Amino acid sequence: MAERDAARRAGPARHRPAPAGKHYEEEEEDALPDSDALPDSDDEVDLDKPRPIQIVLAHEDDHNFELDEAALEKILLQEHIKDLNIVVVSVAGAFRKGKSFLLDFMLRYMYNRTSPCWIGGNTEPLTGFTWRGGCERETTGIQIWSEVFVIDKPNGTKVAVLLMDTQGAFDSQSTIKDCATVFALSTMTSSVQVYNLSQNIQEDDLQHLQLFTEYGRLAMEEIYQKPFQTLMFLIRDWSYPYEHAYGLEGGRKFLEKRLQVKQNQHEELQNVRKHIHSCFSNLGCFLLPHPGLKVATNPNFDGRLNDIDEDFKNELRNLIPLLLAPENLVEKEISGSKVTCRDLVEYFKAYIKIYQGEELPHPKSMLQATAEANNLAAVAGAKDLYSKGMEQVCGGDKPYIAPSDLERKHQDCRESAIRQFRSVKKMGGEEFCRRYQEQLEVEIDEIYANFVKHNDGKNIFYAARTPATLFAVMFAMYITSGLTGFLGMNSIATLCNLVLGMALISFCTWAYVKYSGEFREVGTAIDQIAEAIWEQRNPRKVFSKLFEVLRRRTIRRALTSVPRQRLSSNNNKKKN
């Protein structure tokens with residue numbers, strides 16, 4: 001856009017409707033001076049001096065957004081408008097494409113809509129939303145005009161009209177998530193979203209629109225119809241009027257051609273177009289000519305109509321009323337119900353909380369998304385190679401294989417899978433791909449653990465491990481109980497009988513679970529306990545602790561008997 005290269009004044013100015021019959025040339029001397037800067041979020045919003053107010057603050061350090069609830073409530077909860085249905089016109093798109101420049105002409109129309117020369121005087125600077133020339137971004141977050149316009153519609157109802165300016169997308173300081181959040185939030189809260197584009201509608205413009213609208217649709221619940229209302233494609237610097245004429249009609253034909261779904265189109269291209277049609281209730285397009293070389297090359301350009309080409313001004317006179325004339329106003333609706341100013345405050349609060357949380361997936365750049373898909377496909381191919389190799393050794397119809405042979409085959413297949421993963425051409429760089437190789441190794445180990453369990457299930461002795469272990473425990477406890485009872489160690493004998501009873505109950509429970517298939521968790525726990533005991537099946541390991549306990553018990557009994565004998569001998573001596 002040519003005007004993105006022009007210089008402009010830094011601060012906004014107040015716009016006032018011109019008195020009836022008074023032209024802009026006469027009003028220029030009465031214009032109020034520009035304000036120095038936007039009010040800070042902590043300052044109280046002064047509604048006596050209309051100006052842009054930032055309601056969504058962008059934090060560049062953590063790439064998060066914050067809603068200035070006090071400023072929003074101050075503007076929308078005024079007594080005379082809070083219960084009126086609201087019309088929200090928002091302009092969004094790439095940065096440095098003239099969005100704020102366009103909104104200032106909308107302000108001129110709203111303040112002077114009854115005048116045939118609402119567009120302004122030839123020598124009047126353009127003020128309102130802050131704009132300037134150059135290559136660096138100006139607007140951050142989301143801003144709204146502090147004055148909400150009350151308009152009488154032709155049907156006699158009153159509506160409140162709010163103008164919204166948004167942070168430009170794809171600047172050097174914003175992530176894809178930042179761009180998606182701002183675009184989605186403005187689309188969700190506006191009744192008319194102007195998608196500001198330069199020169200043409202390119203395929204990447206449609207793909208970004210698909211991404212941003214899907215990000216907005218994820219945040220909305222209970223969508224039974226098209227989630228968004230009107231989308232107006234505004235093509236700036238249109239250079240092909242001989243193919244499609246400037247204005248709405250030429251834009252309509254051009255948009256139909258661009259969004260047409262054809263049979264011979266690639267599925268990806270068809271899906272993008274179907275998605276856009278499914279998201280918006282009404283689609284439009286307006287072709288706007290270049291504003292002229294003076295706008296593009298004059299560093300002191302401040303929006304005066306004298307420096308703007310006549311074709312641009314003529315089409316601007318058609319575009320602005322098309323959006324803001326009383327008969328063309330589109331009231332904001334959500335889920336089929338009209339939204340008041342009071343309602344919009346609550347929707348803003350709800351939506352910003354969703355985007356501040358972690359419930360939604362993070363949008364990613366095309367390179368990152370492609371690299372992830374590329375690496376995941378390589379991981380899937382390598383896992384498939386490993387699984388097929390292991391199936392040939394211990395698949396469902398294969399006999400039981402020795403654990404050492406299975407381990408050796410696992411190592412061979414694992415190395416083959418990793419070699420295949422490394423041989424696939426992948427995007428993202430070495431460090432990025434290394435994370436997916438580590439993920440592959442973890443998943444292969446998990447698959448191997450399942451193969452080990454499957455192979456053990458084929459071993460008839462493995463299936464009988466639990467009952468054999470429980471029988472061994474019961475037999476050992478029976479013998480130990482009898483032996484310790486004979487030696488007078490009644491407490492140990494009682495403990496052995498208790499363990500014997502628990503083992504018997506466990507065996508009966510295990511048998512019932514295997515027969516009925518019920519209480520599988522209990523059966524799994526018994527199997528795990530039996531497996532732990534089985535792994536200590538070496539008699540020395542099993543009985544060493546028991547013998548140690550018996551030895552300590554014997555020594556303790558011997559030591560306690562010696563003082564008793566001494567005490568009794570001393571008593572006998574005293575009696576004598």
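Modeller: H2 passes H10 in a right-handed crossing, meaning that the near helix is turned clockwise from the far one by less than a right angle. The model is predicted: local features need pLDDT of at least 70, side-chain atom pairs count only at pLDDT 80 or more, and totals for chains, interfaces and linings use all residues. Residues are numbered from 1 along each chain as its sequence is written, and side-chain values use heavy atoms, with hydrogens and water left out.

Helix H2 covers residues 69-76 and helix H10 residues 341-356; helices are DSSP runs (H or I, at least four residues) numbered from the N terminus.

From H2, Glu69, Leu72, Glu73 and Leu76 meet Cys341, Arg342, Leu344, Val345, Phe348 and Lys349 of H10, contact being heavy atoms within 4.5 Å. Leaving aside neighbours within four places in sequence, Leu76 also has Ile81, Lys82, Ile86, Val148 and Leu162 among its contacts.

Leu76 and Phe348 are among the residues that touch the most other members of the largest nonpolar core, which has 56 residues. Such a core is a set of buried Ala, Val, Leu, Ile, Met, Phe, Trp, Tyr and Cys residues joined through side-chain atoms within 4.5 Å, buried being under 20% relative accessible area (1.4 Å probe, protein chains only). A second, separate core of 40 residues includes Trp118, Phe129, Val192 and Leu323.

Notes
Buried means under 20% relative accessible area, exposed over 50%, partly exposed in between (1.4 Å probe, protein chains only). Axes are lines fitted to C-alpha atoms, for helices over the stretch in contact, and angles run from 0 to 180 degrees between N-to-C directions. Helices (H or I, at least four residues) and strands (E, at least two) are DSSP runs, numbered from the N terminus.
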